[in-house]
Amino acid sequence: LANSTIGKMRFGCKVEVTTDYNGIGKILYLLGNMGIEPISSDYTDKVMLTLIVPAEETEKLRKEMVEATAGRVGFEKLEELYYIDKE
């Protein structure tokens, strides 16, 4: 119990974001402002991030990413799930 943490169950979406190397800095900046950390990243000829985003913020994040990268971003919802948001 001494090492346990308290968290809050939230409903969200697992999302895959794909962009080029020019857009990744802008995307990481947006994610940092929203307090979202990628759960995985893959850097090849393009950059692919996997995120868990609160359900109510998913569409807002998609629009901001499209605007920030001038449309050079792929945004795919993989699944809806519950996750623990550590506060």
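Among contacts in the chain between residues at least 6 apart in sequence, what percentage join residues at least 24 apart? The value is 73%, where a contact means heavy atoms within 4.5 Å.

The model is predicted: local features need pLDDT of at least 70, side-chain atom pairs count only at pLDDT 80 or more, and totals for chains, interfaces and linings use all residues. Residues are numbered from 1 along each chain as its sequence is written, and side-chain values use heavy atoms, with hydrogens and water left out.

The chain has two helices and four strands, in the order β-α-β-β-α-β from the N terminus. Helices (H or I, at least four residues) and strands (E, at least two) are DSSP runs, numbered from the N terminus.

| Property of the chain | Value |
|---|---|
| Span of the C-alpha trace along its principal axes | about 45 × 25 × 20 Å |
| Accessible surface (Shrake-Rupley, 1.4 Å probe) | about 5,800 Å² |
| Distance between mean positions of the 11 positive and 15 negative charges | 3 Å |

Carbon and sulfur atoms account for 50% of the accessible surface. Of the 87 residues, 30% are buried, meaning under 20% relative accessible area (1.4 Å probe, protein chains only). For the charges, Lys (NZ) and Arg (CZ) are positive, Asp (CG) and Glu (CD) negative; His and the chain ends are not counted.

Met 9, Phe 11, Tyr 82 and Ile 84 make a nonpolar surface patch of about 470 Å². Strands β1 (7-19) and β4 (73-86) each give two or more residues to this patch.

Definitions and conventions. Buried < 20%, exposed > 50% of the residue type's maximum accessible area, 1.4 Å probe, protein only. Patch = residues over 30% accessible without salt bridge, like charges linked within 9 Å, V, L, I, M, F, W, Y side chains within 5 Å. Salt bridge = Lys/Arg side-chain N within 4 Å of Asp/Glu carboxyl O.
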